[in-house]
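Please read it alongside the sequence and the coordinates.

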Amino acid sequence: MTTTFDRGAPAPEKTDQGRRGSHALRWWVLAVLGVAQLMVVLDATVVNIALPAAQRDLGFNDGDRQWVVTGYALAFGSLLLLGGRLSDLFGRRNTFIIGLIGFAGASAVGGAATSFEMLVAARVGQGVFGALLAPAALSLLTVTFTEPGERAKAFGIFGAVAGAGGAIGLLLGGMLTEWANWRWVMFVNLAFAAVALIGAVLLLAKHVTTDRPKLDIPGTVVVTAALFGIVYGFSHAESTSWTNPVTLSFLIGGAVLLAVFAWLETRVAHPLLPLRIVLDRTRGGSFLTVFIMGIGMFAIFLFLTYYMQLSMGYSPIKTGLAFLPMVAAMIVSSTTVPSLVLPKVGPKVVMAGGFLIAAGGMAWLTQIGLDTGYTSHILPALVLLGLGLGGAMSTAFQGATSGVHHEDAGVASAMINTSQQVGGSIGTALLSTIAASAATDYLSTRTPDPLTVAQSAVESYTTSFWWATAIFVVGAVIMAALMPNTVPEPSEGEPVLAH
């Protein structure tokens, strides 16, 4: 596809003053994209803390409560690849702006919800427009920053936002729920969207194309159904069991459809996901890194939140504040590793080392008990997790879009978000099941008094932390075996700044 832009104004690269202006604008674009990415990422956790208050207000039962979370995950996870390809075909600026407006509109509906059905519909709408917004944001970053030094810094900052968004969501959700009202966890997105929308309109160039976009309809239908089946299957396993017929049907059906999709993509003229994107070792290893992190990071946010609130008696706000050292460590490693460490040791060492550092932090958390302290058992673990995951995550974001042509940047970016979303769904189901089994096993040989019940909860958390430790170690081994140790190449750039 040939893409052109309005060339009426002089190219900003022609003069030193123009170069300085263009450089400054690129960093403003990064700020806009970071705000949009933060809005999408934190929305996965910001609602969780507000759910009990929303449940009391709207009067829905515990069985229905999961759909407020699952509805978002299903729409977001199953439509990401389509959203990424649409941004390639119809313009990243257009897709980004449509995603922002739609996400804000759905958030407004959710905040004003008068019924459970209205709230779930709003969450599904957030997922749909988030699937447009997230890959468009990352692909804009990919084609904006192509100079190696700038690219490393930009991806480090963006990776920090993506990695820390979940923890920030817990803090923001606690603050808004405790100080205002649960509805503000939805309404707050209007402020994020407004800032990003103004920046996008002012800074991003308009898309002009002479080619008629072509979309892989069979591939789109098959992969959307496959991802829906996989995400729903794991969500259903969490609330039922792994042997439940519905769970098995969706998981097996999703896996079969994924195989059909891979076959289709070798046969169609304009594939939704060109297999060259995932078969490259650098990009493939980066997608695997984000996928494995998605599985393991679930244990941090969910079970550690449970432990601090239920076992240590922390309020929602105090729980959110307790995660801030992890956020700080993640920001430090995300912004320094890509520019200072990656060029010297290569992505294989950075990613494998990041997984091992994170595994050390997770193993530290396995030592918690009913009477352990924050500074001795939680704080050091969170710092290690932030340092390890931040460095590996930012490197993976850079590697996942390494060397892609600009017409493939959107779908390559979508693969990152898809990997993280599917990994998170697997982590939710797998680790929740393991935790429940550990608690049941502990109580099966003891008298269920208040102390043993409390201890059974701690046993469930520590068992999940051990599994997450093993998952991170496996990630380190896979990266050491699979990832080439060459610094990722920049993507092919294109003009994205408004003249």
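The points below begin with the basis of the model and then proceed by topic.

The structure is a predicted model, in which local features need pLDDT of at least 70 and side-chain atom pairs count only at pLDDT 80 or more, while totals for chains, interfaces and linings use all residues. Residues are numbered from 1 along each chain as its sequence is written, and side-chain values use heavy atoms, with hydrogens and water left out.

**Salt bridges**

- A salt bridge is a side-chain nitrogen of Lys or Arg within 4 Å of a carboxyl oxygen of Asp or Glu, and the count by this rule is three.
- Side chains of opposite charge can pair when their charged atoms come close.
- Asp57 and Arg183 are joined by a salt bridge through their side chains, with an N to O distance of 3.3 Å. This pair links distant parts of the chain, 126 residues apart: Asp57 belongs to helix α1 (residues 16–58), and Arg183 to the loop between α5 and α6.
- Helices here are DSSP runs (H or I, at least four residues), numbered from the N terminus.
- Asp57 has a relative accessibility of 43% and therefore counts as partly exposed. The classes are buried for under 20% relative accessible area, exposed for over 50%, and partly exposed in between (1.4 Å probe, protein chains only).
- Arg85 and Asp88 form a salt bridge at 3.1 Å, N to O. Both residues lie in helix α2 (residues 62–90), three residues apart, which is about one turn of the helix.
- Asp88 also pairs with Arg92 in a salt bridge, with the closest N and O atoms 3.2 Å apart.
- Arg85 is buried because its relative accessible area is 8%. Asp88 counts as buried at 3% relative accessibility, and Arg92 counts as buried at 9%.

**Crossing of α5 and α6**

- Two packed helices are described by the angle between their axes and the distance between the axes.
- The axes of helix α5 (residues 148–179) and helix α6 (residues 184–203) come within 9 Å and cross at roughly 115 degrees. Axes are lines fitted to C-alpha atoms, for helices over the stretch in contact, with angles from 0 to 180 degrees between N-to-C directions.
- The crossing of α5 and α6 is right-handed, a term for the near helix being turned clockwise from the far one by less than a right angle.
- On the α5 side, the contact (heavy atoms within 4.5 Å) is made by Leu172, Gly173, Leu176 and Thr177, and on the α6 side by Trp184, Val185, Val188 and Phe192.
- Of the residues in the contact of α5 with α6, six are nonpolar, two are polar and none is charged. Nonpolar covers Ala, Val, Leu, Ile, Met, Phe, Trp, Tyr, Cys and Pro; charged covers Asp, Glu, Lys and Arg; the others, Gly among them, are polar.

**Residues in helix α15**

- Ser419 is located in helix α15 (residues 409–444) and counts as buried because its relative accessibility is 8%.
- The side chain of Ser419 reaches the backbone oxygen of Met415 at 2.7 Å.
- Not counting residues up to four places away in sequence, Ser419 touches Phe287, Val290 and Phe291.
- Gly424 is also found in helix α15, and its relative accessibility of 19% is why Gly424 counts as buried.
- With neighbours within four places in sequence set aside, Gly424 contacts Gly294 and Ile295.
- Gly424 and Pro484 are 60 residues apart along the chain, and their C-alpha atoms are separated by 26 Å.

- Ala136 lies in helix α4 (residues 116–144) and is buried, with a relative accessible area of 0%.
- Ala136 is 49 residues from Ser87 in sequence, with a C-alpha to C-alpha distance of 5.8 Å.
- Residues touched by Ala136, not counting those up to four places away in sequence, are Ser87, Arg92, Thr95 and Phe96.
- Ser394 is placed in helix α14 (residues 374–400) and counts as buried at 0% relative accessibility.
- Leaving aside neighbours within four places in sequence, Ser394 is in contact with Phe155, Gly156, Gly159, Ser334 and Pro338.
- Ser394 and Ser333 are 61 residues apart along the chain, and 8.5 Å separates their C-alpha atoms.

Notes:
Helices (H or I, at least four residues) and strands (E, at least two) are DSSP runs, numbered from the N terminus. A polar contact is a pair of N or O atoms within 3.5 Å; within protein, one must be able to donate a hydrogen and the other to accept it, and residues adjacent in sequence count only if both atoms are side-chain atoms.
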